[in-house]
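Dear colleague,

I am handing over a structure for you to look at, and below it I have set out what was found. Please read the notes with the structure open beside you.

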Amino acid sequence: MTDELQEAVEKEDVDINFDCPLCGKNISIDARGAGLMITCPDCQQKVQVPIPLAEDDAAVVPADDADVRVQALQNALAEADSRRERLVAELEAAQRRVVLLEKSATEQRERFEQISAELVMIQNALDRMVTLLQDAGVRDA
Ligand SMILES: [Zn+2]
């Protein structure tokens with residue numbers, strides 16, 4: 001085993017030291033016990049093992065601070081959720097506007113095509129009349 005690996009293993013196995021919130025007894029527990037409910041060896045009461053802030057951080061947060069952190073995270077999450085809902089609503093409104101604009105553009109295009117078709121029909125009718133007049137003229141001549 002390399003020294004680095006040995007160090008990492010030892011670091012991982014570092015104990016959590018904390019004072020029992022009920023009797024003040026200093027308790028040591030394996031880091032894997034973080035967040036667990038244990039029985040204090042002194043007062044025999046159930047106490048929660050504090051969760052270390054980070055792997056590299058030897059310091060531990062008392063349960064109260066952890067609660068505050070959890071609450072702050074929940075608040076941030078709720079805020080992100082409501083912001084996401086607002087963005088989704090704005091996006092949906094924008095999508096509805098796009099649909100309306102596309103519908104309007106389609107309608108205008110259809111109207112334009114209809115007018116173009118009518119113009120073609122009128123042009124054809126005029127052409128036929130010109131041809132008929134020309135035929136009549138030729139026959140008269
Ligand atoms: Zn205790």
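Two residues are in contact if their C-beta atoms, placed from the backbone, lie within 7 Å. Among contacts in the protein chain between residues at least 6 apart in sequence, those that join residues at least 24 apart make up 14%.

Please keep in mind that this is a predicted model, in which local features need pLDDT of at least 70, side-chain atom pairs count only at pLDDT 80 or more, and totals for chains, interfaces and linings use all residues. Residues are numbered from 1 along each chain as its sequence is written. The mean pLDDT (the predictor's confidence in each residue, from 0 to 100) is 83 for the protein chain, and 81% of its residues reach 70 or more.

The protein chain has two helices and four strands, which are DSSP runs numbered from the N terminus (H or I and at least four residues for helices, E and at least two for strands). Along the sequence they follow the pattern α-β-β-β-β-α.

Aspartate 15 has aspartate 30 in E2 as its bridge partner, while phenylalanine 18 stands opposite isoleucine 27 in E2. The hairpin of E1 and E2 has six residues between the strands, and glycine 24 there takes a positive phi near 85°.

Glutamine 44, in the loop between strand E3 (37-39) and strand E4 (46-48), has a positive phi near 65° although it is not a glycine.

Best wishes

How values were computed:
Pairing = 2+ DSSP bridges.
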